[in-house]
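Reader: I would like a close look at the charged side chains in this structure. Please go through the contacts pair by pair and say how each residue is placed.

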Amino acid sequence: MSRIGKKIITIPAGVTVEVSTGNLVTVKGPKGTLSQQVDQDMIIAIEEGVLTVARPTEQKRHKAMHGLYRSLINNMVVGVSEGYQKVLEIIGVGYKAANQGNILELSLGYSHAIFMSIPAEVSIATAMEKGKNPMVTLNSIDKQLIGQVAAKIKSLRPVEPYKGKGVRFLGEQVRRKAGKAGGKK
């Protein structure tokens with residue numbers, strides 16, 4: 001049995017989960033509403049504030065989907081109750097970040113500024129304090145969407161291993177390499 005798939009999902013107070021015909025799961029909470037189409041074969045049961053996902057057979061396809069759909073539903077429940085946050089740190093001389101509404105403006109050492117439109121479901125905040133690296137904070141109820149937006153921002157200037165310049169998650173460790181002088185003694 002799938003270790004992740006057989007875990008129960010505790011539904012917190014203030015969150016409602018509805019399963020319509022065709023296995024469309026809708027989760028409503030204080031922060032918003034999310035929906036996910038679940039495969040027709042999966043069995044979703046809600047009893048006394050606990051949601052369980054079961055598979056009908058031991059087929060390889062059902063085993064593969066069991067843990068996946070349990071995780072997706074759990075991510076929706078956590079998203080509408082608590083939300084998700086990702087903080088990106090921009091390291092480099094002259095690198096800047098600013099936002100006007102949901103338009104992110106980045107100066108990452110290229111000859112031009114980069115303007116990026118952020119989806120409306122993701123709220124964005126930028127902080128530039130003197131003596132500290134610029135920070136970009138993303139908040140959303142959709143874990144998949146916030147991860148995709150953060151990955152896109154990181155891909156604009158990947159962290160390089162020699163000086164450590166680039167866009168990284170707050171607290172992310174980067175393996176550093178010795179430069180040319182590192183090999184001579």
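Author: The model is predicted. In it, E58 and R55 form a salt bridge through their side chains, with 3.1 Å from N to O. R55 counts as buried because its relative accessibility is 11%, under the 20% cut-off.

The salt bridges come to five in total. One of them joins K132 and E129, whose side chains meet at 3.6 Å, N to O. K132 is exposed, with a relative accessible area of 57%, while E129, at 48%, counts as partly exposed.

Another salt bridge is formed by the side chains of E172 and K154, at 3.1 Å from N to O. E172 lies in the segment after strand 13 (166-169) and K154 lies in helix 2, so this pair ties together parts that are 18 residues apart in sequence. With a relative accessibility of 28%, E172 counts as partly exposed. There is also a network of salt bridges, which links D39, D41 and R61.

Helix 2, the element that holds K154, spans residues 143-156 and lies across strand 9 and strand 10. Its direction is at about 170° to that of strand 10. Both strands belong to an open sheet of three strands, ordered 8-9-10, with antiparallel pairing. Strand 8 (96-100) and strand 10 (114-117) each have a single partner strand and stand at the edges, so one side of each is left without a neighbour in the sheet. On average, neighbouring strands in this sheet are turned by 20° against each other, direction ignored. Strand 8 and strand 9 (residues 103-107) run antiparallel and are joined by five bridges. In this pairing, N99 stands opposite L104 in strand 9.

Charged groups also meet aromatic rings. The charged end of R157 sits over the ring of Y110, at 4.2 Å from the ring centre. For K86, the charged end sits over the ring of F169, and the distance to the centre is 5.4 Å.

Conventions. Residues are numbered from 1 along each chain as its sequence is written. This is a predicted model: local features need pLDDT of at least 70, side-chain atom pairs count only at pLDDT 80 or more; totals for chains, interfaces and linings use all residues. Side-chain values use heavy atoms; hydrogens and water are left out. A charge sits over a ring if NZ of Lys or CZ of Arg is within 6 Å of the ring centre and within 35 degrees of the ring normal. Two strands pair if DSSP finds at least two bridges between them. Helices (H or I, at least four residues) and strands (E, at least two) are DSSP runs, numbered from the N terminus. Axes are lines fitted to C-alpha atoms, for helices over the stretch in contact, and angles run from 0 to 180 degrees between N-to-C directions. Contact means heavy atoms within 4.5 Å. A salt bridge is a side-chain nitrogen of Lys or Arg within 4 Å of a carboxyl oxygen of Asp or Glu. Buried means under 20% relative accessible area, exposed over 50%, partly exposed in between (1.4 Å probe, protein chains only).
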